Amino acid sequence: MAAEKLRDLSQPIDVGLLDATVAAFYGTGSKEERSAADQILRDLQNNPDMWLQVVHILQNTKNLNTKFFALQVLEGVIKYRWNALPVEQRDGMKNYISDVIVQILKHDWPARWRSFIPDLVSAAKTSETICENCMAILKLLSEEVFDFSRGEMTQNKIKELKQSLNSEFQLIHELCLYVLSASQRTELIRATLSTLHAFLSWIPLGYIFESPLLETLLKFFPMPSYRNLTLQCLTEVAALSFGDFYNVQYVKMYNIFMAQLQTVLPLNTNIPEAYGHGSSEEQAFIQNLALFFTSFFKKRLDTSCEVLVRPRLVGAKVKEPCKEGGGTAPGKKKKKKEANSGRRRRRIWRSVKKKELRRRHGEEGESHIRVLEAPGDNIAALLMGLEYLIKISYVDDTEVFKVCLDYWNSFVLELFEAHHNLDNPAVAANMMGLQIPMLPGMVDGIGSQLMQRRQLYAEPMSKLRMLMISRMAKPEEVLIVEDENGNIVRETMKDNDVLVQYKIMRETLIYLSHLDHDDTEKQMLKKLSKQLSGEDWNWNNLNTLCWAIGSISGSMMEEQENRFLVMVIRDLLNLCEITKGKDNKAVIASNIMYVVGQYPRFLRAHWKFLKTVVNKLFEFMHETHPGVQDMACDTFLKIVQKCKRKFVIVQVGENEPFVSELLSGLPTTVADLEPHQIHTFYESVGHMIQAETDSKKRDEYLQRLMDLPNQKWAEIIGQARISVDFLKDQDVIRTVLNILQTNTSVASSLGTYFLPQISLIFLDMLNVYRMYSELISSSIAEGGPFASKTSYVKLLRSVKRETLKLIETFLDKAEDQPQTGKQFVPPMMDPVLLDYARNLPDARESEVLSLFATIINKYKGAMTDDVPRIFEAVFQCTLEMITKNFEDYPEHRLKFFSLLRAIATHCFPALIHLSSQQLKLVMDSIIWAFRHTERNIAETGLNLLLEMLKNFQNSEFCNQFYRTYFLTIEQEIFAVLTDTFHKPGFKLHVLVLQHLFCLVETGLLTEPLWDVATVSYAYPSNAIFVREYTIKLLSTSFPNMTAAEVTQFVNGGLFESRNDLSTFKNHIRDFLVQSKEFSAQDNKDLYAEEAAAQRERERQRMLSIPGLIAPNEIQDEMLDS
């Protein structure tokens, strides 16, 4: 039966059964058992489909003999059945074997296989088929070492492999050149070009510029079979930059290429149309062309210092020809299809990512475009290249546009920065690539050069402005979109790719606007006039234009911006009046709301426009078309936040402040809004009232604002006093919930000034809370666990949650802290805490935990005396709920640890007075938290642990605490650090370990950390003990590492570098890779801290350029008095 199961290869082979069979064959059992096992293994070897199981066997077996058997099967297929296999299976096997060889090389080469490159080149010379396979191996090797090595190999190993490849590249270069000049085999030439593509980004420069390589590549470009691969190779060359060593060669290459390109793709071609109707090969050509131009024109990392240490001269040519079977090379075969679009997209994405990394790390220096800018024949070729790139930018393909956009963004930024820094000649000179000291009289010359350069690019930049306006991506604020059926609907899901694209396009258009405000304004107004006349009217054209107009907010001088906006808003309002059709009006309304929401500075300066816009928003609030009301309410909130003072003062020509007029008509304004929209509206009016400085007027406005909900609240409470059952009606419960949500919205914007309103409803609200708690408990007690899932209980719980949220919002926003705390915190302690403690787990509200975390964070040490009471009510019962598994009660988990962190930070003395059992419970819960796979919970646990460690270090209980928990914490931190599931916590893991090792070296811990009762040896110090303990811990956990490696990591890495966080962190990164636990994985989380620091530097840069961060996104208080 077992034999038949093994012989059935229609499904993955049972590796355990195969292991048993192989063990029987090699074992010491009876002769019959060995004979039967032998027969089964022979049958498997002879089965033509057995080789398909080889990878599955090698990945799943631990038995060396089984692995050897699988490799024998593979060898037999290659030796005796190769030509009979289908092409797909042969290619798959070649790829697998090549990958295996490369993985072996990463371990053994160069130290234990020094002759690998000569061996491979010698093998390649024996036949063209073998040569093709050798090319595949070389390509894989280059990619593994130079593209995918980070996080998979130690830094020293990467360096060693790079040096070995560099030193032995001459043999590879000779082989590639010979193949390209002598072979007629299409597949081999394509494989060679593909291999060269992988090598060109790093090989010594002489092999490129002082050999016939470039001329050879340019000869292949006109040939359709090799055009795309050749273009990829030329793109890699274009991306290199080494000072001005090879400027002549670059110019020559570019001019020859442009001459050939005009034959292949004439400049007058409608490239977007050609792309839309082209084959996959032709589309790939346009994509590769975009990559070539952007790589050639873009600033690059200047690595000219490397030229001095790289060989620049090329050796002799390959002496032995590549022949198949000793005869002449066969003629050309039919070319294979280009790689599928998915692979092309990955290649494009990788290219963009490389550019992005270089740009964001400030590593870009030289660009070949500078050489072409010199007066002469090259300028025409340069402008022609830019014209090609602008045309390609109109191609309707997201990936192609991303490549073009990435370049346009960097190029326009370079032009802008040179223009922006004219006041600083040294910076301006550096922007122009002039590495010279500033001498008197040179400033005017540099300014003149800058102006000439701007003039050179004036026409391409004007065309680029039109491109950005025509293709502007949709901003996040726009909620109304066109669906696949051409209908205007409310957006249901945000497209993050579109939002990222909008951010880059917006930044690019702002730079373009700074370079020429007049041309930007002229093009936008001209396009808008065509919308009004109907000449260019359609939804997409109006959308992209308005998104572009909104995107440049803050980039113009205020006077010009005001003049521009007056015309834009008037034209849009006119367009809304004259255009017919519900969908058309919805699109125009969406665009009006987006534009006005982006220009708070303009609205603050023009009251009549502001009032007109707000009244228009009120009109839109009655428009029931999907998305219009939501966007109207959102835009109203955004405008009020930035212009709130304007609404509470009496404007010229007005009899009363706008807020008073608004409150008089409030019932009519909100009549058609949904509850969530009403809440946004009330929050907006709360911002207006908050801007009123007269307390009497402020309280009067608040009373008028809350008049409707308060009337309803008083009616409900009055009925409840007559009969408490009135509160049990579901419609009444929904009304109570809606009233509380309205109060929360106003509290969030009014803060301290909400005091009169919450005082009015507070005690009644607590009574309702208490009653609904009892209703929930009785329902669950009677109906069992399923009762908590009923709509009735869910509704009751929503009221409880909203009550807690309202109190938390008010206390968090209130500024008069001590007085407010004394008034509101004590009355709710009993109803809220006792209710939480006595309730069933399914009836406990997680908002109780976040409420008390907020209270402790707000009132800090004043809450220390109340901590035991809070601890007693919530700690034990919550811990029992959340520690049974990692899934149940997800909302309680994070909020529980946030509360615990607040206590540890502000009320640490309360923790000191816990019993040892209670403290152990706290520490166990912290360890459980950072073991959690949910990132937020794990990070909260780690931050809490750091607070505890620092607080106990500075307390009188330092020795006692660390004697109990030091080793446990170290062991647990190393466990999560090395298990690959907790990589996002890497930064905090490192900080905890650094704290522990620094502490133990200071000598503050005077009592032994080891167990004196069980350890007879008395260590000279805790530092020596911890070193030894750590070595044993890691040696046991990673048996694949030698004792010397672990010892070096602990002593030379961790302890020696403990005071230098950056070095300490790098040692741990290398250890994780060396331990093999983190190999072949995405390890970007290990570098998250550096990425965050780079993002902050980028934000500071953006803040320094007007308009780059939209005025409505700046969080400072914009005074508008």
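**View 1. Helix H32, a mostly covered helix of a predicted model.** Of the 16 residues of H32, 14 are buried, where buried means under 20% relative accessible area with a 1.4 Å probe and protein chains only. Helices are DSSP runs of H or I with at least four residues, numbered from the N terminus.

**View 2. Helix H29, residues 582–597.** From first to last C-alpha, H29 reaches 22 Å, close to the 22 Å expected for its 16 residues. Buried residues account for 13 of the 16.

**View 3. The largest nonpolar core.** Such a core is a set of buried Ala, Val, Leu, Ile, Met, Phe, Trp, Tyr and Cys residues joined through side-chain atoms within 4.5 Å. Among its 311 residues, Phe257, Phe293, Trp408 and Met948 touch the most other members. Beyond its neighbours within four places in sequence, Phe293 is in contact (heavy atoms within 4.5 Å) with residues including Tyr254, Phe257, Met258 and Tyr388. A second, separate core of 19 residues includes Leu18 and Val22.

**View 4. Packing of helices H43 and H44.** H43 (residues 867–882) and H44 (residues 890–906) pack at about 150 degrees, with axes 11 Å apart. Axes are lines fitted to C-alpha atoms over the stretch in contact, and angles run from 0 to 180 degrees between N-to-C directions. Contacting residues include Phe875 of H43 and Phe896 of H44.

**Notes.** Residues are numbered from 1 along each chain as its sequence is written, and side-chain values use heavy atoms, without hydrogens and water. In this predicted model, local features need pLDDT of at least 70 and side-chain atom pairs count only at pLDDT 80 or more, whereas totals for chains, interfaces and linings use all residues.

Technical notes:
Buried means under 20% relative accessible area, exposed over 50%, partly exposed in between (1.4 Å probe, protein chains only). Helices (H or I, at least four residues) and strands (E, at least two) are DSSP runs, numbered from the N terminus. The expected span of a helix is 1.5 Å times one less than its number of residues.
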